[in-house]
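Keep the model open beside you as you go.

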Amino acid sequence: MGKKGGKRLSKRQVEDALQGLFSGRPDEAFSTKQIFRVLHLDTHPLKMLALDVMEEMQWDDYLQKDSDGCYRLNQKGQVQEGTFVRKANGKNSFIPADGGTPIFVSERNSMFALNGDRVRVALMARRRNHIKEAMVTEILSHKADQAVGKLKVEKDFAFLITEGNIFVHDILIPKKKLKGGKDGEKAVVKITQWPSKDSKNIVGEVVDVLGKEGDNNVEMHAILAQYGLPYKYPKNVEDAASKIVPGITEEEIARREDFRDVFTCTIDPKDAKDFDDALSIREAGKDLYEVGVHIADVTHYLKENGTIDKEAQKRATSVYLVDRTIPMLPERLCNFICSLRPDEEKLCYSVIFVMDDDANIKSWHLAHTVIRSDRRYAYEEVQQLLEDNGVVDGTGKPAPPPTKKNPYKGEYAAQLIKLDALAKKLRERRFQNGAVKFDREELHFDIDESGKPIRAYYKKSKDANKLIEEFMLLANRTVAESIGSLSAKKKGNSKTSEDGVRGSKKTFVYRVHDQPDPQKLESLRQVVAPFGYKLKTSGTKGAISRSLNSLMDEAAGSREQKLIETMALRAMMKAKYSTHNIGHYGLAFDYYTHFTSPIRRYPDMMVHRLLTRYAGGGRSANLEHYEELCEHSSDMEQTAANAERDSIKYKMVEFMADKLGEEYDGHISGIQSYGIYVEIDENHCEGMVPMRDLKGDYYEFDEAHYCLIGRRNHTKYQLGDPIRIKVARANIEKRQLDFTLADD
């Protein structure tokens, strides 16, 4: 190796050779003679150059020298474990397990790792003015053992063509392992052989043929399969559900608080079938009201670690695609036995509040109950009822009292108007206490019988939605406080754990949300300053969140509103489940959990079981076991969100496919080094203007300020800017919508 192509090796080539040697054999030590021999450094100048490079590597803490003069990789800090992220453009990265900064991994140093794989890497010595790099030395575990794609069947062989950046190569499939799959059909393939040094091929076998590309059911199932999510229920689970007896015995009713004669209703989306929460209200004295938050008692019917429970635990959440719901529980349970359907007796786990006219809680208790819902409302019905009775959306003003001449309009109007007034008091107080105000809109599609989208629109949360939201938040917070704050008091309010969080004697499942990223908040402050806005980035949590709310209120209706809202949202951390409570920043709650949706979220079932256990005097549950379940639930929540996002992308492209060449007004919704994302104002579909289509200049990406700036003419494209586009391409297969600028 001393010479290459008749030329002596450069310092760069010697560095590469040494890093390849030590990274590839991280547990071995080498004498200088062994290094010279292995790398074929057989001239005095090359030996001296290698010694100089190794000395630099020592200074860089990449190598360490043993007492016997042998060199080895400095394992401390130089060998790490984490997640491999594969990119289609070759800019792969390694995410350390501790959540540190991503590290670049070139394709030649990837060891054929796949997206999401857990790997061990050796950090490479950093050259001057070069980015930090890592080399994969071992693949510890593969994230997924199956893939979805399109079959390509040739005369002598077949393979699966996958979309995205999950695999380096297409998957080879022996002809006898096609399971009847035909050329062009979509299929799910299980991987039986991974790539290695000896063979770069990935080999697999078909486990399910989904059907023809373009069919709506096939495409939705393909999205689910891509994320490893189920698209059908195992027969043994359906069989177990069919054996559950739906009736309620008199003995069971006698053990519970009876709310069957109290006005109770459910308020849900108009197409919902699984009603897991209901509200009741009745007078409890002068200017006092008893409000019941009644939640389906799912765990009454499910034996812990039974057949159905294990499947629910594995799924962890229901998945909501554009045109369907993939439920966490079998349909017999989620839509019938447990669902709080009107005029049917149902078992619930309830939080019962007594509150005054200002929504101050005078007393509360937790109880297993039996209810009978008087009415099933859609959000739109309740919203119309509130507006018909003078409740102006967004003002927080109560409806005028009814009179003989002007009675309330609508069935059970008095009860719903009182619930709305109490909810508005709760909401007002929550924002005063520092909750962050994000009124996010959700994209929806109207779908025809074949699954084709015929209309795209945003749904905004109105008073009817907020009514339900506030009482669910109240119930979730209250039950979390009942365990967390009581345990903290027993332990001593002044005592904290090593990480600064007050400890809890009883294991519990919390929904936690960390404080915003300080750097992203500072970027937001710098971006909004030229517009004349101010933002606090230091001080108490409440002060920062109130400053954020003021900023968004001031920016409402302005050109820069989208920019500010997007940057503020990106500064927020992701909420997750944990047994270690750090509070919920976004809601400004010291204690918070998920108790109110056990039909569609497994953590709520965990909370129900823990509350029942502790109410009965049970000992604290196993912390490690519940933390593992929390981590799994958080992961599955994110996976389900990714699948939902992909289904929206697919429907967006399908909706726009017959609108090629048409022009629309939009605004810039995202900025990347490879182009700008634009959301159409009329229908809220989002596509990209690739960098290659931005003509007339070379644009540089300013990541901190979310903008592209032209080098020559200084044209600036910034997040939130209005822009007019033309629909250029709609690739349904890749779920990719491309625009061009309508007028440069």
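## Exercise 1: A salt bridge and its cover

Start with arginine 375 and glutamate 381, whose side chains meet in a salt bridge at 2.7 Å, N to O. This is a predicted model, in which local features need pLDDT of at least 70, side-chain atom pairs count only at pLDDT 80 or more, and totals for chains, interfaces and linings use all residues. Residues are numbered from 1 along each chain as its sequence is written, and side-chain values use heavy atoms, leaving out hydrogens and water.

Solution. 
1. A salt bridge needs a side-chain nitrogen of Lys or Arg within 4 Å of a carboxyl oxygen of Asp or Glu.
2. Buried means under 20% relative accessible area, exposed over 50%, and partly exposed in between (1.4 Å probe, protein chains only).
3. Arginine 375 has 22% relative accessibility, so it is partly exposed.
4. Glutamate 381, at 35%, is partly exposed.

## Exercise 2: A pair across the chain

Task: Where do lysine 232 and aspartate 208 lie?

Solution. 
1. Their side chains form a salt bridge of 3.5 Å, N to O.
2. The pair links distant parts of the chain, 24 residues apart: lysine 232 is in the loop between helix 5 (216-226) and helix 6 (235-242), aspartate 208 in strand 15 (residues 202-212). Helices (H or I, at least four residues) and strands (E, at least two) are DSSP runs, numbered from the N terminus.
3. Lysine 232 is exposed at 56%, whereas aspartate 208 is buried at 17%.
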